[in-house]
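The sequence and structure are shown first.

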Amino acid sequence: MRITCPLCGPRDRREFYYYGSEDYLTQPALGDFDAIDAHLHLRDNLAGEVRDLWYHEMGCAAWLLVTRNTVTHKISDVVQVAGGGVGILAKMKPEEGAL
Ligand SMILES: [Zn+2]
């Protein structure tokens, strides 16, 4: 699978770290433990188009929002995540060797 990074162009998916659903761009209110539990542990497992976060670990270090179809694996859109989400996510980058 190839992902077209908006900054680097088409690259092999092994250059990227898959972070998870775009749901991680938002957070429930502090103290709302049921919402936090659901945010962390409950995920839809859709057959069809989803939007996920990917980190261009072996490239430009950009956080990307990738729209792909889980049935066909076709990627229909890739955009760079901008604004506050980048700062939050940069702090959440996995430790070296965590995989
Ligand atoms: Zn890149």
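## A loop residue, H73

H73 is placed in the loop between β5 and β6. Helices and strands here are DSSP runs (helices H or I, at least four residues; strands E, at least two), numbered from the N terminus. H73 is not a glycine, yet its phi is positive, at about 65°. Most residues other than glycine have a negative phi. H73 counts as exposed, with 8 C-beta neighbours inside 10 Å. For such labels, a residue is buried if 20 or more other C-beta atoms lie within 10 Å of its own, exposed if 12 or fewer, and partly exposed in between, with C-beta atoms placed from the backbone.

## Basis of the model

This is a predicted model, in which local features need pLDDT of at least 70 and side-chain atom pairs count only at pLDDT 80 or more, while totals for chains, interfaces and linings use all residues. Residues are numbered from 1 along each chain as its sequence is written.

## Overall architecture

The chain has two helices and six strands. Along the sequence, these elements follow the pattern β-β-β-α-β-β-β-α.

Of the 99 residues in the chain, 11% count as buried. Contacts are pairs of residues whose C-beta atoms, placed from the backbone, lie within 7 Å. Among contacts between residues at least 6 apart in sequence, 49% join residues at least 24 apart.

Strand β5 (residues 63–69) pairs with strand β4 (residues 49–55) in the antiparallel sense, over seven bridges. Two strands are said to pair if DSSP finds at least two bridges between them. V50 has R68 in β5 as its bridge partner.

β5 also pairs in the antiparallel sense with strand β6 (residues 75–80), here over five bridges. Within this pairing, T67 stands opposite D77 in β6. The hairpin of β5 and β6 has five residues between the strands, and H73 takes its positive phi there.

The loop between β4 and β5 contains A61. A61 is not a glycine, but has a positive phi of about 65°. A61 is exposed, with 12 other C-beta atoms within 10 Å.

Strand β1 (residues 2–5) and strand β2 (residues 9–12) form an antiparallel pair over four bridges. T4 stands opposite P10 in β2.

Definitions and conventions
Two residues are in contact if their C-beta atoms, placed from the backbone, lie within 7 Å.
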